[in-house]
Structure formats: structure tokens, C-alpha cells
Amino acid sequence: MWQQIVDWLVYAQLGLPRESHFAQAFNFFVYDTVKVLFLLSVIIFLISILRTYLPPEKTKKFLSHKRTFIGNVMAAVVGIVTPFCSCSAVPLFIGFVEAGVPLGVTFSFLVSSPMINEVALVMLLGMFGWKVALIYIGSGLVIAILAGMAIGRLKLEKWVEGFVYKVKSAQTFEETWTPRERVRYGYDYMQGILKKVYLFVILGIGVGGFIHGYVPQDFLVRYAGPENHFAVPLAVLIGIPLYSNAAGMIPVVQALLGKGMALGTSLAFMMAVTSASFPEMVILRKVLRVPLLVVFFSILTVGIIMVGYLFNAFF
Amino acid sequence: MKIQIYGTGCPNCTKLEEFARQAAFELGLNAELEKVKEIKDIVAAGILRTPALGVDGQVVSQGRVLAVEQIKSLLQDRTK
């Protein structure tokens with residue numbers, strides 16, 4: 001439906017010739033911008049409302065003293081809907097450990113919460129379709145579960161800063177919500193996210209549109225196609241420092257995918273962008289000693305690279 | 001009355017502090033603003049997400065920046 005409206009606008013109203021590169025790029029730009037911004041508003045609004053039912057205070061309670069695997073799976077699943085603000089990572093971590101959530105289970109939560117990012121998810125849904133969006137959630141869950149189980153198995157509690165175990169916390173405060181407040185929260189949150197990312201979205205789609213219209217087909221096959229075995233780690237290394245621009249990167253990646261970049265490589269790149277970030281590591285240093293940080297970071301990076309290879313092998 | 005702002009100094013904490021100050025001012029309350037920045041104290045208050053807002057040591061909201069209007073109604077509830 002949107003495509004017809006945009007076609008009508010671009011070709012009939014503005015009178016741009018159908019076969020020109022510029023018209024194609026412009027059509028792509030308008031279509032994707034409208035679609036993605038619409039999806040972002042609706043889905044973020046709904047997720048935020050859902051989230052008021054599942055605050056970390058509740059999560060903490062039901063993850064307390066959970067066994068390996070079951071606990072890791074539950075932590076990773078809940079992590080999907082929990083928003084992640086790196087400034088809350090430290091109190092969250094201490095609160096979980098203090099409540100008796102096992103270290104490995106806590107890490108499953110800490111991996112899945114930022115890695116499965118709702119903005120990235122919506123962008124994927126809008127630009128790649130629901131299959132890729134599901135694959136993104138699925139592989140994020142697998143990495144979070146396995147990383148948490150590995151850290152739990154390695155018994156790394158000795159590398160958590162000592163004071164974490166000494167903190168005694170008061171009864172956790174739990175908010176009570178009226179339906180009206182939930183809607184208001186959802187609306188405010190959606191508005192805040194849109195304000196933060198819309199420029200990146202438009203910019204990203206603009207660059208994507210340019211690539212779509214001007215860069216020759218198969219341009220990237222040689223560099224980032226399935227035959228180049230170094231493409232995945234390289235994409236991950238480039239992606240890690242690009243933390244805040246997930247919203248802008250995805251349209252660009254989508255256009256590159258159309259020019260021959262392999263799906264696994266693109267997926268690995270996006271996960272690296274949304275999860276492992278340096279600012280987060282610096283913040284976590286307050287509660288984790290360097291060896292544990294290194295282990296955490298390495299497991300995450302290796303996990304993402306493995307997902308990349310796996311998808312390149314199967315798709 | 002004492003209003004506590006819990007947070008390690010992220011931009012959201014500063015914003016919440018500003019809004020709380022504004023709310024107290026608009027209500028004409030004689031309130032003292034207290035910033036709790038030490039992570040141990042934040043956790044000890046039972047907070048998992050920052051920024052959080054407290055009134056006389058009682059946490060009333062966490063993990064979000066409330067609007068001035070929302071803070072006002074919270075403060076009014078407490079002064080009754």
C-alpha cells in the first residue's frame with residue numbers, strides 16, 4: 001500500500017522518470033523513511049507498555065537462585081524487553097547478585113538486554129522482513145544463554161569486586177501503575193526514542209538510497225560475500241566502536257546486502273554495533289575486575305563471529 | 001522535606017534533578033535537594049535503575065525522568 005502511494009507521489013506527482021537513478025534512489029528513500037518511522041512509533045510504544053509489567057525489580061525476584069540453563073534462558077528472554085541504559089548497568093548488576101541471582105544468569109541478562117535492542121529490531125523488521133528479525137532475536141538469545149552459562153561454569157565470582165558481595169540493599173521499591181500511567185509511559189518513551197534516532201534513521205536511509213541507486217550490483221561480493229572468510233571478524237571489529245548509531249547503520253547495511261554483502265556478515269556487524277560497547281565496559285569496570293571483563297568481552301565477540309559464520313554457511 | 005536524586009551523574013540524572021527543583025519551586029515547597037551519587041548508597045536504597053527519585057529517604061520512582069507535573073503530584077501526595 002505504501003509503495004503505491006510513494007510511487008504515485010514520486011513518479012506521477014513530481015514527474016520523475018521511472019528509469020532514472022535519482023528517481024529510484026528517491027523513491028527508496030521516501031518509502032523506507034515513512035515505513036520505518038511508522039513501525040518505530042507503533043512497536044516502541046507497545047514494547048514500552050509491555051515493559052511496565054516486567055521491571056527488573058520483578059526479574060530479580062524470579063531469577064533469584066535459579067538453576068543454570070533454566071535461569072539463563074529466562075534471564076535472556078526477559079532481557080529482550082528490558083531496555084538497557086548503560087548508566088544503570090552497575091546498580092542492576094549489584095542488585096541481581098545481592099538478591100542471589102547466580103553470576104552466570106546475571107550475565108545472560110546483561111548480554112541479552114543491550115544486544116537485542118528494540119530499535120535495531122524494528123529497523124530489521126521494517127527493512128529486512130520478519131524472518132531476519134526473528135533470526136536476530138534467536139541468535140541474540142543463543143549468545144546470551146551460552147555466554148552466561150560459560151561464565152557460570154568457569155566460576156569467576158572471584159573476579160567480581162569484593163564490595164559487591166557486602167552491599168545490603170533495602171526492600172526494592174516497586175512502582176504501582178494505573179493503566180493511564182502505562183500508556184503515558186509508553187508514549188513518553190516512544191517520543192524520547194524517536195527524537196533520539198530519527199535523524200540517524202533519515203540519514204542512514206539517505207545513504208542507503210544512494211548506494212541502492214548508484215553503486216553497481218555485486219560491488220561487494222568480492223569483499224564481503226560468502227567467499228571471503230575474513231569478512232565476519234572484520235565486520236565485527238568495525239561494528240564494536242559504532243555503538244550509538246545502530247539506527248543509522250541498519251539502512252546502510254540493508255543496501256550493502258543488496259549489493260552482495262553476505263547475510264551472516266551483516267548480522268554479525270549489526271550485533272557488534274548494538275551489544276559490545278566500550279562505554280559499557282568502562283562502566284562495568286566498577287564492579288568487575290579486568291580479567292572478568294576480558295572474558296565477558298571475548299565470549300561476546302567470539303559468539304557474534306560464530307553467528308556470522310553460521311548464517312553465511314546456511315543462507 | 002528532603003528530595004533525593006539517586007544517580008551517578010548521567011545526563012538523565014541531571015535532568016531529573018532540574019525537574020525536581022522546578023517542581024518544588026512551583027509548589028512553593030521548602031525542600032532540600034540531596035544528590036546521592038555513591039553507588040553503594042544507591043544500591044543500599046534498593047534501587048536497580050537510575051535515575052531515581054526519593055522523598056525523605058523513601059524511593060518514589062526509578063529508572064525514568066519524570067516530567068515536572070508528575071513530580072509535583074508525587075510531592076503533593078507526600079505532603080498531605
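## Burial and basis of the model

A residue counts as buried when its relative accessible area is under 20%, as exposed when it is over 50%, and as partly exposed in between, using a 1.4 Å probe and protein chains only. By this rule, 54% of the 315 residues of chain A are buried, and 48% of the 80 residues of chain B.

This is a predicted model, in which local features need pLDDT of at least 70, side-chain atom pairs count only at pLDDT 80 or more, and totals for chains, interfaces and linings use all residues. Residues are numbered from 1 along each chain as its sequence is written, chains are lettered from A and ligands numbered from 1 in the order in which they are written, and side-chain values use heavy atoms, with hydrogens and water left out.

## Chain A

Chain A contains 16 helices and zero strands; helices (H or I, at least four residues) and strands (E, at least two) are DSSP runs, numbered from the N terminus. Its radius of gyration is 21 Å, close to the 20 Å from the globule rule for 315 residues, so chain A is as compact as a globular protein of that length. This radius is taken over C-alpha atoms, and the rule is 2.2 Å times the number of residues to the power 0.38.

The C-alpha atoms of chain A fill a box of roughly 70 × 50 × 30 Å along the principal axes. Of the contacts (heavy atoms within 4.5 Å) in chain A with a separation of 6 or more, 84% are between residues 24 or more positions apart.

## Chain B: overall form

Chain B has three helices and four strands, in the order β-α-β-α-β-β-α along the sequence. The C-alpha trace of chain B spans about 30 × 20 × 15 Å along its principal axes.

## Chain B: strand β3 and its partners

Strand β3(B) covers residues 52-55; A52(B) and G54(B) point one way, L53(B) and V55(B) point the other way, and all are buried. Strands pair if DSSP finds at least two bridges between them. Four bridges join β3(B) to β1(B), residues 2-6, and the two run antiparallel. In this pair, Q4(B) stands opposite G54(B).

Four bridges also join β3(B) to β4(B), residues 58-62, again antiparallel. Here L53(B) stands opposite S61(B). The hairpin of β3(B) and β4(B) has two residues between the strands, and D56(B) takes a positive phi near 50 degrees.
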